[in-house]
Amino acid sequence: MFKKKHIIVTSIIILFLITLIISTGFFISFLGDSNIVSYLQSINRLRFAMYGLVHIIVSLLGLFVIFAVMAVHEFKKTRELEVSHAKLEYLVEHDYLTKLPNRFKFRTMFEKISESGKEFALILFDIDDFKNINDNNSHTCGDEVLRVISTRLLFLMVNGIFFASRFGGDEFLILYTNGHLGEDSEDLAKIKKIFDTPIIFENKKINVQASMGIVNSVPGENILDKMISNADIAMYEAKKSGKNKIVFFTKEMKNPLTRTNIVKMILEDAIKNDGIRVVYQPQIDVETGKIHGYEALMRLKDDILFPAEFIPVAEETGLIVKIDRILTEKVIQQMAQWRDHGIPLYKVSINYSYAQIEDETYVDFVDGLLKQYKIDPEYIGIEVTESLFAGVNKDKAMKLFNSFVERGITLALDDFGTGYSSLSYLTYLPVCVVKIDKTLVDNYLDSERDGFIKNIVRLVHSLKMKLTVEGVEQEWQQEKLKGFKCDYIQGYYYSKPIPGEKVEGFVKEMQL
């Protein structure tokens with residue numbers, strides 16, 4: 001079926017053809033018809049003939065222009081498709097924040113060099129104390145650090161012997177394609193030089209260091225996941241030895257004390273020796289600007305491991321059950337202290353892991369603590385994620401949720417929108433709050449795609465639930481979410497996670 005513009009163009013062409021035929025016929029008949037000549041004796045014969053000729057030429061030129069315009073239009077259309085395809089291909093293969101190739105592209109390059117039979121090396125590094133950069137400055141500062149380091153890596157890639165990729169978070173992969181690397185390699189010195197110059201953020205110097213693990217290729221053993229795992233082990237050895245170090249992988253490192261086992265030992269020590277602490281990130285009512293509550297977040301004393309590193313191990317090993325009980329007791333003890341010091345109480349949300357589903361007495365444990373410290377259940381919330389339902393009987397999960405609700409403890413669904421079944425869960429879970437993650441804010445709150453966030457707000461409100469948005473760092477984000485009628489905001493725009501003893505100061509500051 002022709003599109004409307006095609007019908008219009010076709011009609012114009014037909015009209016020109018008809019005009020051309022009539023003009024040509026008239027011109028020829030005019031020259032050969034003596035009757036017409038006698039009838040128009042008073043008319044200048046030459047002028048009339050030239051008029052017909054000009055009409056024919058104009059008609060032909062018109063057709064030429066039409067075909068030229070159509071050709072240009074088709075060329076532009078083809079070019080736009082090529083550009084769109086190139087942009088899409090770029091997005092598929094590159095990291096959104098850093099513009100570096102992503103893991104998908106890295107795997108492709110790895111397979112090429114591996115199949116070539118040439119010697120090569122793989123480097124995995126992460127930025128030392130990156131969490132402190134975020135906590136002491138902001139996530140915006142952290143993002144800028146990642147961008148600058150990535151820009152330096154892109155310059156490093158110009159000579160063609162390095163191929164860098166963002167692996168995730170503050171971790172990066174480098175493929176060295178010019179043979180094996182050694183401790184005194186000049187090319188290795190080029191990588192180290194990336195961190196020599198401080199990064200300037202808001203007129204402040206940020207000194208950046210990195211721990212690196214390096215693994216050289218071995219014929220017959222060049223499997224990407226295996227090499228990354230080995231580089232990861234070497235990188236962890238670099239961190240253990242004081243950070244800002246480079247460690248080459250050796251087979252001796254692959255003993256029973258793998259990284260998981262080392263993290264497990266650290267967690268067991270933290271459980272035994274009071275090595276777990278709690279920080280609280282405020283949640284603010286968007287409409288009133290007042291405190292709505294806090295999310296309790298677990299940290300290890302001295303910050304020897306990041307949560308993203310130790311929580312998966314805690315869940316995998318089952319230590320999360322003991323750890324979360326310790327965290328829960330610390331939270332309720334802290335609330336009692338706030339009350340006794342005259343600090344107003346607000347709801348505190350505690351994260352509940354899928355691995356805790358087997359802790360069948362946890363609800364009774366929480367209930368007992370609330371009674372012991374005389375804290376009303378309305379001041380406690382439990383945050384669950386979709387991972388809780390993986391491999392777990394739905395009836396068992398519902399029984400657990402109902403047990404919380406029966407005791408007056410509210411439920412929130414965390415990380416909404418990051419899984420495939422979030423919407424279906426909302427239809428039957430007894431949650432009253434839905435939380436969306438920082439990744440959705442970063443990816444969809446801009447002017448072109450903010451409709452996605454608007455629709456989530458409408459959906460949640462249509463279900464008579466409240467919406468909390470995490471990861472809000474900028475004033476424009478806060479203003480936009482306020483315009484969307486979002487209920488609560490959590491993020492560095494208002495406050496980073498703070499220790500319990502600093503909550504009083506924050507409360508007083510918010511009351512000014």
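This is a predicted model: local features need pLDDT of at least 70, side-chain atom pairs count only at pLDDT 80 or more; totals for chains, interfaces and linings use all residues.
I take buried to mean under 20% relative accessible area, exposed over 50%, and partly exposed in between, with a 1.4 Å probe and protein chains only. Residues are numbered from 1 along each chain as its sequence is written, and side-chain values use heavy atoms, with hydrogens and water left out.

**Entry 1. Overall**

I counted 18 helices and 16 strands in the protein; these are DSSP runs numbered from the N terminus, helices being H or I with at least four residues and strands E with at least two. Of the 512 residues, 44% are buried. I then looked at contacts (heavy atoms within 4.5 Å). Among those with a separation of 6 or more, 69% join residues 24 or more positions apart.

**Entry 2. Salt bridges**

I searched for a side-chain nitrogen of Lys or Arg within 4 Å of a carboxyl oxygen of Asp or Glu, which is the salt bridge criterion. The whole structure gave 22 salt bridges.

I looked up Asp450 and Lys480, which form a salt bridge with the closest N and O atoms 3.3 Å apart. Asp450 lies in the loop between α15 (438-444) and α16 (451-462) and Lys480 in helix α17 (residues 475-483), so the pair ties together parts 30 residues apart in sequence. I noted both Asp450 and Lys480 as buried.

Asp95 and Arg166 also meet in a salt bridge, at 3.1 Å from N to O. Asp95 is in the loop between α3 (45-93) and α4 (103-116) and Arg166 is in strand β2 (residues 162-168), so this pair ties together parts that are 71 residues apart in sequence. Asp95 is buried at 17% relative accessibility, and Arg166 is buried at 16%.

For Lys239 and Asp126 I found a salt bridge with the closest N and O atoms 2.8 Å apart. Lys239 is in helix α8 (residues 224-240) and Asp126 in strand β1 (residues 121-127), and the pair links distant parts of the chain, 113 residues apart. Both Lys239 and Asp126 are buried.

**Entry 3. Second largest pocket**

Where does Lys239 lie in the lining of the second largest pocket? It is among the residues nearest the centre, with Lys243, Asp303, Ile304 and Leu305, in a lining of 14 residues. A pocket here is an open set of points on a 1 Å grid over the protein atoms alone, where a 1.4 Å probe fits and protein lies on both sides within 12 Å along at least five of seven lines; lining residues have an atom within 4 Å of a point. I recorded about 280 Å³ of space in the second largest pocket, volume being the space filled by probe spheres set on the points. Helix α8 gives the largest share of the lining, three residues.

**Entry 4. Positive phi**

Most residues other than glycine have a negative phi. Lys374 has a positive phi near 55 degrees; Lys374 sits in the loop between α12 (362-372) and β11 (380-384) and is exposed at 67% relative accessibility. Lys485 has a positive phi of about 70 degrees. Lys485 is in the loop between α17 and β15 (488-490) and is exposed at 55% relative accessibility.
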